[in-house]
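Visitor: I've got a model open and would like a quick tour. Could you walk me through it?

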Amino acid sequence: MDVSALKRDLEGLKIDDNPAIVQQKSRDFYWYSPVLKQQLDHVTGDLIVTPKTEAELIRVLAACHRHGVPVTPRGSGTGNYGQAMPLSGGVVLNLAEMNEIKSIAPGRVVTGPGAILADIDKATRAHSGQELRLSPSTYNTASIGGFIAGGSGGVGSINFGGLRDFGNVLRLRVVTMEAEPKALELTGENLHKVTHAYGTNGIISEVEMPLTAAYDWVDVIVGFDAFMDAARYGNALACQDGILTKLITPIAAPVPQLYFKRHQKFLREGQSICVVMVAQHGLDAFLAFTRRVSGEVIYNAATATPDEKKGLPPAYELAWNHTTLRALRVDPSITYLQSLYPFPNQLALVEKMDAMFPGEVFSHLEFVRLDGNVTCFGLPLVKFTTEARLDEIVRLHEENGCPIFNPHRYTLEEGGMKQTDAVQLAFKRETDPLGLLNPGKMIAWENPDYDYRSGRTFLFKGLQKAG
Ligand SMILES: Cc1cc2nc3c(=O)[nH]c(=O)nc-3n(C[C@H](O)[C@H](O)[C@H](O)COP(=O)(O)OP(=O)(O)OC[C@H]3O[C@@H](n4cnc5c(N)ncnc54)[C@H](O)[C@@H]3O)c2cc1C
C-alpha cells in the first residue's frame with residue numbers, strides 16, 4: 001500500500017495523518033465488548049480523509065482504487081460492533097462534513113450522510129413540525145449515514161419497526177469503488193443492498209428519509225415491585241393503539257439503582273422500572289391506563305420541579321444501548337447481549353430467560369412493532385466472566401428460541417442472521433470488485449464457503465497483527 005503516492009493524489013483535500021488522531025478516528029464503541037476490545041484494540045488506519053462534497057468523495061475513491069488502498073467509511077464512530085474500524089488499515093473516510101440538510105417537504109427530508117440525527121430533527125421541526133421516524137439512542141451524536149449503514153432501529157421502533165422495514169428509508173445515493181466511481185440511486189427493494197451493510201458495498205452520499213409529526217414527548221418512569229410486572233405493563237402499553245408513545249423500556253432491578261446515578265432519588269430498592277416517552281397530548285390517557293394496571297409513576301417530566309429535573313439525561317439516554325453505557329461507566333466488568341423475543345411468545349420467553357441466569361444476566365427490554373405485531377428486543381446486561389461462559393449464555397438463548405445478534409463479533413453475518421446475504425454480496429461484486437471497502441466485515445466475500453454452524457468465530461486473515 002503506497003500511502004505517500006495516495007497522499008500526493010489527494011492534494012487539496014482535507015487529510016490528516018497525525019497518528020494519535022488517526023488512531024482515535026479508527027475506533028468506535030468496539031470496547032463495549034470485552035471480546036472485541038481484545039481483538040481490535042490495536043487496529044488503526046493510515047490516513048483520515050474528509051471529503052466535503054460528492055465530487056471530492058469520488059476523487060478519494062478513484063485514487064484509493066488506483067493505489068489499492070482499503071477505505072473504511074465513518075460517520076460519528078458510535079457503532080458498537082467495531083463496524084467502522086479499518087481492520088487492514090488504509091483510509092478512514094470521514095463523512096462528518098458531508099452534513100448538509102438539503103431539502104424538507106411534507107413527509108420527507110434529504111441530507112448528506114454526515115448530518116447528525118438531532119440536527120436533522122431540529123431543522124425539520126423548525127421547518128414544518130416534523131421529525132425522523134426512528135433514531136438510535138445516540139441521537140445527539142450519530143450520523144444518518146452511519147445509522148443506515150450500521151444501525152437497526154431504536155427510539156420510534158414502537159411505531160415504525162426497524163430501519164430495514166419497507167418505507168423507513170426512501171432513497172439512497174451510493175458511490176461505487178471503481179476506477180471511475182459511479183453514483184447510483186437506490187429506492188424500494190434495492191435499498192436492501194446497502195442498508196445495514198457496514199459500508200462494505202458502496203458509500204452513501206445522500207439520503208432521503210421519511211418524516212412523521214413531531215410532538216412534545218414527555219419522559220415518564222413507572223415503578224414495579226417485580227420485573228415481570230414491568231414487562232407485562234410494557235407489552236400492554238405498547239398494545240394501547242390510542243396512546244402515542246415513542247419509547248417503552250422495562251429494566252430489571254438492580255440495574256436502575258446501580259447505574260442510573262442521577263435517577264436514584266426517585267427509585268426504591270428492588271424496584272424494576274419501565275421508561276416511557278409519551279406524546280404530551282396522550283399523557284392523561286397514559287396516566288389513566290397506568291393507574292388502572294397499578295403502575296406507580298415515580299417520575300413524570302410534565303409535573304417534576306426544576307430541581308427534580310436538574311441534571312437528568314433524557315429518557316432515551318437510559319434506553320437502548322445507553323443502558324449498557326451507564327452500566328459500563330460504573331462497572332467495567334459488565335457486558336451485554338442483543339436478543340429478540342419473537343411474537344407471540346415474547347412474555348413467556350422473557351420470563352424464562354429472566355429466571356435462567358440469576359445474579360449474572362439482568363433483563364432490559366425494548367418494545368417494538370415488527371410486521372404489525374408488538375414484541376420486544378432485549379439488551380440484557382451480563383456480568384462478564386469468560387468468553388466461553390458468554391458463548392454459553394448466547395447458546396442458551398438461541399436454544400430457547402431467542403435469536404441473538406451477537407455484539408461480540410465484528411462481521412455482518414455473525415452479528416446478524418448468521419447466513420450469507422446474497423443480495424448484499426452480489427451488490428458488492430458490482431460496486432467493489434477489488435474488495436477495498438471496509439475489508440473483513442463481510443464473511444461471504446472473504447470466504448464464500450464459511451460454515452456458520454461450525455461454532456467457531458470467523459477470524460479475518462487481513463486483520464492487522466497486534467504489536
Ligand atoms: C450508547 C450507544 C447507544 C446506541 N443505541 C443504538 C440504538 O438505539 N439503535 C441502533 O441501531 N444502534 C445503536 N447504537 C449503535 C450506533 O450508535 C448506531 O448504529 C449509530 O447510528 C451509528 O452511527 P454513526 O454515525 O456513529 O456510525 P459509525 O459508527 O461511524 O458507522 C457505522 C457503520 O456504518 C458505516 N458507514 C458510516 N457512514 C457511512 C456512509 N456514508 N456510507 C456507507 N457506510 C457508512 C461504517 O463503516 C460502519 O460500518 C448505539 C451505540 C452506542 C455506543
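Predicted model: local features only at pLDDT ≥ 70, side-chain atom pairs only at ≥ 80, totals over all residues.

Visitor: In which sense do β18 and β19 pair, and over how many bridges?

Guide: Strands pair here if DSSP finds at least two bridges between them. β18 covers residues 365–370 and β19 residues 373–378. L370 stands opposite N373 in β19. The pairing is antiparallel, over 6 bridges.

Visitor: How do the rings of F377 and F405 sit, stacked or edge-to-face?

Guide: Rings of Phe, Tyr and Trp (its six-membered ring) pair if their centres lie within 6.5 Å; planes under 30 degrees apart are stacked, over 60 edge-to-face, and the rest tilted. F377 and F405 have ring centres 6.2 Å apart and planes at 65 degrees, so the pair is edge-to-face.
F377 is in strand β19 and F405 in the loop between α14 and α15, 28 residues apart. So the arrangement asked for is edge-to-face.

Visitor: Is F405 buried or exposed?

Guide: Buried means under 20% relative accessible area, exposed over 50%, and partly exposed in between (1.4 Å probe, protein chains only). F405 has a relative accessible area of 18%, so the word is buried.

Visitor: Now the ligand: which side chain has an N or O atom 2.6 Å from a ligand oxygen?

Guide: A polar contact is a pair of N or O atoms within 3.5 Å. The side chain of T138 has such an atom 3.0 Å from a ligand oxygen, while a backbone N or O atom of S152 lies 2.7 Å from one. The 2.6 Å distance belongs to the side chain of T78.

Visitor: How much of the ligand does the protein bury?

Guide: Areas come from the Shrake-Rupley method with a 1.4 Å probe. Taken alone, the ligand exposes 980 Å². The buried part of that is 98%.

Visitor: And which element gives the largest share of the shell around the ligand?

Guide: β3, α6, β10 and α12 each supply at least two residues, helices being DSSP runs of H or I with at least four residues. The largest share, 5 residues, comes from α6.

Note on methods. Residues numbered from 1 in each chain as written. Heavy atoms only, no water. Polar contact = N/O pair within 3.5 Å; in protein donor to acceptor, adjacent residues only side chain to side chain.
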